[in-house]
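The sequence and the structure are shown first.

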Amino acid sequence: TMPHSHPTNTSLSELHLTGIPGLQHLHHWISIPFCIMYLVALAGNSTLLCVIKADPSLHLPMFLFLSMLAVIDLVMSTSITPKMLGIFWFHSTAISLDACLTQMYFVHAFSVMESGVLVAMAFDRYVAICNPLRYLSILTSPVVAAIGLATLLRAVVFMSPLTFQIRRLPLCSPAVMDHSYCEHMAMLKLACRDAAFSNTYSLSVSTYVVSFDSLLIALSYTLILRAVLSLSSPQARKKAFSTSSSHLCIMALFYIPGLLSMYMERYHQELPPHVRVLLADLYLLIPPAFNPLIYGIRMKQIRDGARRVISQRRRMAGGIGPGPGH
């Protein structure tokens, strides 16, 4: 049979994901850290959301952005991990075209959203450190809501055209994707028609998002650093440094593997396919698992909030609520 003997097979309703190409024999082993990271992400982000919701003293802009990040991380990791574990454990490689496009949409739209929220958090730190007295009058609830909505809209506006373009491309059978989730570059390789436009579009959108957002973040932190160094008390300096450094850890975790996986998918001559796919997987698994850990452990307010919530629950469970005199 000639390869691509059905050049315009648009009726493909099902695709196959190979998992991690070349490492199929190790799928069971690879599934262990992946599964652990997913469970940590679920537990960590849900705990963070519960603590922030339950403790009124945490209803501040900074923690509202943190809640947005936690929701995004939950969606992002849930959109790929269960299916991936299905491939690793049960060899269930088949995925319907619609499910694949939905997964692709969620993964990429939520990555764009996460990037936007990281910018918002950098701006939040900038206002808190460089303009502390006006912090709450600048970042009012409507402003925080508007920022959240703007990041959501930007993601939808950028990702919808890409998804529609891929939906309209005729795909060649056999539709086997050398990937463990529906990544758009990997999907474009299945197209029977020239997909140059989608290729260029996706690369320019991701380059724009990453460079624009990281520039804004770099700018915020340069201004923060300037302000921190001018603080007179070493205590205040230490506090500002500690929050900022945990933020920067998270941003590095998010942007570096993301950029690497994107450019390697584009210029992948030298790299073995399993390295590319593992990078792309880790980029979606590591930040959701580590964000709540870095924030939850590094941030005194979150630790104190968790303690207050736990002791309050204990009191309620023990039936020794505050008496009428309180």
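## Fold, core and salt bridges

The model discussed here is predicted. For the side chain of Asp98, the relative accessibility is 46%, and this residue therefore counts as partly exposed. Asp98 forms a salt bridge with Arg167, with 3.3 Å between the closest N and O atoms. The pair connects distant parts of the chain, since Asp98 belongs to helix 3 (residues 97-130) and Arg167 to helix 5 (residues 141-168), 69 residues apart. Arg167, at a relative accessible area of 42%, is likewise partly exposed.

Five salt bridges are found in a search of the whole structure.

| Salt bridge | N to O distance |
|---|---|
| Arg167 and Asp98 | 3.3 Å |
| Arg125 and Asp124 | 2.9 Å |
| Asp304 and Arg307 | 3.0 Å |

The surroundings of these pairs can be described in turn. Asp304 and Arg307 lie three residues apart in helix 10 (residues 300-318), so about one helical turn separates them.

The largest nonpolar core comprises 87 residues, and Leu15, Leu66, Leu118, Met177 and Met187 have the most contacts inside it. Helix 3 supplies the largest share of this core, with 17 residues. Beyond its neighbours within four places in sequence, Leu15 is in contact with several residues, among them Ile95, Leu97, Cys100, Leu171, Met177, Met187 and Leu190.

At the level of the whole chain, the secondary structure consists of ten helices and three strands. Their order from the N terminus is β-α-α-β-α-α-α-β-α-α-α-α-α. The C-alpha trace spans about 85 × 50 × 35 Å along its principal axes. Of the 326 residues, 48% count as buried. Among contacts with a separation of 6 or more, 79% are between residues 24 or more positions apart.

The accessible surface amounts to about 16,200 Å², and carbon and sulfur atoms account for 70% of it. The protein carries 23 positive and 14 negative charges, whose mean positions are 14 Å apart.

Definitions and conventions:
Residues numbered from 1 in each chain as written. Predicted model: local features only at pLDDT ≥ 70, side-chain atom pairs only at ≥ 80, totals over all residues. Heavy atoms only, no water. Salt bridge = Lys/Arg side-chain N within 4 Å of Asp/Glu carboxyl O. Helix = DSSP H or I, 4+ residues; strand = E, 2+ residues; numbered from the N terminus. Buried < 20%, exposed > 50% of the residue type's maximum accessible area, 1.4 Å probe, protein only. Core = buried A, V, L, I, M, F, W, Y, C linked by side-chain atoms within 4.5 Å. Contact = heavy atoms within 4.5 Å. Areas by Shrake-Rupley, 256 points an atom, 1.4 Å probe, with all protein chains shown as cover. Lys, Arg positive; Asp, Glu negative; His and termini not counted. Charge placed at Lys NZ, Arg CZ, Asp CG, Glu CD.
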